[in-house]
Amino acid sequence: MMFKVRSQESNMQVCWHARTMNFGRVGPLRHPKICPCSQIRSSFRQMQMNTAHNDNSRGSLIVLEGLDRSGKTSQSNRLVTFLKEKGLSVELWRFPDRSTSTGQMISAYLANESQLDDRAIHLLFSANRWEKRSLMESKVMSGTSLIIDRYSYSGVAFSAAKGLDVEWCKAPEVGLIAPDLVIYLDISAEKAAERGGYGTERYEQLEFQKKVAEHYQTLHDASWKIVDGGLPVETLEERIREIALGCILTCQKGKPLSKLWQAK
Ligand SMILES: Nc1ncnc2c1ncn2[C@@H]1O[C@H](COP(=O)(O)OP(=O)(O)OP(=O)(O)O)[C@@H](O)[C@H]1O
Ligand SMILES: Cc1cn([C@H]2C[C@H](O)[C@@H](COP(=O)(O)O)O2)c(=O)[nH]c1=O
């Protein structure tokens with residue numbers, strides 16, 4: 001599919017997966033069934049059939065999480081573009097949502113233009129999600145998938161890294177809609193710090209980000225998929241597509257929405 005290249009040996013068409021996953025030489029007639037190309041095609045066929053038979057199928061809530069500069073925004077944008085091109089109803093959201101009045105207070109704090117008590121800023125981040133909760137639910141229930149750049153896991157990991165109690169940090173998030181899938185872009189704080197634009201906002205400091213990474217480790221649950229954020233952008237994009245499509249299909253089939261910090 002996307003990454004068709006010509007094999008130097010045989011001049012046959014081989015897909016990118018076949019090369020990187022060591023399937024050996026394959027031509028269009030010998031395309032391996034386990035190759036992600038086949039899996040993505042089959043997921044789409046399944047989705048089209050589901051949509052044709054069930055106009056009430058819901059969308060998915062897919063969150064990208066990770067340290068600052070781990071690549072969330074790049075990958076969220078790429079995923080949304082891909083899903084839209086495939087004709088799916090999808091929107092890109094992000095937290096903090098800086099467009100609201102709460103979001104503007106958060107933005108000023110992150111830019112070091114204002115000072116706030118650690119608990120006060122934590123509650124503002126949480127309020128910023130609550131003010132979007134009902135819109136989020138109506139979008140998802142009417143069939144739109146939301147790809148969200150950061151969610152409550154950022155809230156807990158960043159505030160806990162300041163020394164706040166984890167359970168205290170989770171409490172204001174209880175009852176928010178739980179994501180169907182959390183894709184965690186795993187990258188070391190050192191590697192993230194080498195990337196462009198680092199150091200412009202309040203939390204972009206190496207030692208602090210290391211503590212954030214430790215707290216993220218404690219938040220994993222069954223909805224999490226961890227991907228190597230150090231991979232090349234295109235490799236990561238392909239992997240994230242596969243995971244996201246699997247999730248969208250499961251939600252279309254009727255998986256119920258659940259709430260945060262409750263057993264799934
Ligand atoms: N897989 C990658 N490999 C190398 N560089 C990358 C990769 N993904 C993103 N980048 C680069 O890293 C920088 C940060 O990327 P991006 O803005 O997507 O990260 P982010 O996690 O959204 O950051 P933040 O949380 O600070 O907003 C950008 O300069 C981007 O081009
Ligand atoms: C949602 C959320 C975010 N944060 C932190 C994480 C980042 O350092 C910034 C947001 O930066 P971005 O470039 O807009 O992703 O805020 C947090 O501390 N608590 C939260 O709930």
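The structure described here is a predicted model. On this basis, α5 (118-130) and α7 (152-161) each contribute at least two residues to the shell around ligand 2. The largest share of that shell, three residues, is supplied by α7.

The shell of ligand 2 comprises 14 residues, and the closest are D68, R98, R129, R150 and G155. By class, six of the shell residues are nonpolar, two are polar and six are charged. Several arginine side chains approach oxygen atoms of the ligand. In R98, an N or O atom of the side chain is 2.9 Å from an oxygen atom of ligand 2. For R129, the distance from a polar side-chain atom to an oxygen atom of ligand 2 is 2.9 Å. The side chain of R94 has an N or O atom 3.4 Å from an oxygen atom of ligand 2. Ligand 2 on its own has 490 Å² of accessible area, of which the protein covers 92%. The largest pocket is the space taken by ligand 2.

R150 is placed in the loop between β5 (145-149) and α7. Its relative accessibility is 12%, so R150 counts as buried, the limit being under 20%. A cis peptide bond, with omega near 0 degrees, runs from F95 to P96. P96 is located in the loop between β4 (90-94) and α4 (101-110).

The shell of ligand 1 likewise has its own set of residues. It is made up of 14 residues, with G71, K72, T73, S74 and L231 the closest. Three of the shell residues are nonpolar, five are polar and six are charged. Helix α3 (residues 72-85) provides the largest share of this shell, three residues. A polar side-chain atom of K72 is found 2.5 Å from an oxygen atom of ligand 1. For T73, a polar side-chain atom is also placed 2.5 Å from an oxygen atom of ligand 1. R195 has a polar side-chain atom 3.2 Å from a nitrogen atom of ligand 1. Of the 640 Å² of accessible area that ligand 1 has on its own, the protein covers 72%. The space taken by ligand 1 is recorded as the largest pocket.

R69 is another residue other than glycine with a positive phi, here near 70 degrees. R69 belongs to the loop between β3 (61-66) and α3. With a relative accessible area of 34%, R69 is partly exposed, because this value falls between the limits of 20% and 50%.

Three further positions were examined for location, accessibility and spatial separation. H220 is situated in the loop between α10 (206-217) and β7 (224-228). Its relative accessible area is 30%, and H220 is therefore partly exposed. H220 and V182 are separated by 38 residues in sequence, and their C-alpha atoms are 8.9 Å apart in space.

E234 is part of helix α11 (residues 233-252). E234 has a relative accessible area of 39% and is therefore classed as partly exposed. Between E234 and R78, which are 156 residues apart along the chain, the C-alpha separation is 9.4 Å.

G175 occupies the loop between α8 (166-170) and β6 (181-186). The relative accessible area of G175 is 16%, so this residue is buried. G175 and A108 lie 67 residues apart along the chain, and their C-alpha atoms are separated by 27 Å.

Conventions: Residues are numbered from 1 along each chain as its sequence is written. Chains are lettered from A and ligands numbered from 1 in the order in which they are written. This is a predicted model: local features need pLDDT of at least 70, side-chain atom pairs count only at pLDDT 80 or more; totals for chains, interfaces and linings use all residues. Side-chain values use heavy atoms; hydrogens and water are left out. A residue is near a molecule or strand if one of its heavy atoms lies within 4 Å of it. A polar contact is a pair of N or O atoms within 3.5 Å; within protein, one must be able to donate a hydrogen and the other to accept it, and residues adjacent in sequence count only if both atoms are side-chain atoms. Accessible areas come from the Shrake-Rupley method with a 1.4 Å probe; for residues, only the protein chains shown count as cover. On a 1 Å grid over the protein atoms alone, a cavity is a set of points where a 1.4 Å probe fits but cannot get out, and a pocket is an open set with protein on both sides within 12 Å along at least five of seven lines; lining residues have an atom within 4 Å of a point. A molecule sits in a cavity or pocket if more than half of its atoms lie within 2 Å of its grid points. Helices (H or I, at least four residues) and strands (E, at least two) are DSSP runs, numbered from the N terminus. Ala, Val, Leu, Ile, Met, Phe, Trp, Tyr, Cys and Pro count as nonpolar, Asp, Glu, Lys and Arg as charged, and the others, Gly among them, as polar. Buried means under 20% relative accessible area, exposed over 50%, partly exposed in between (1.4 Å probe, protein chains only).
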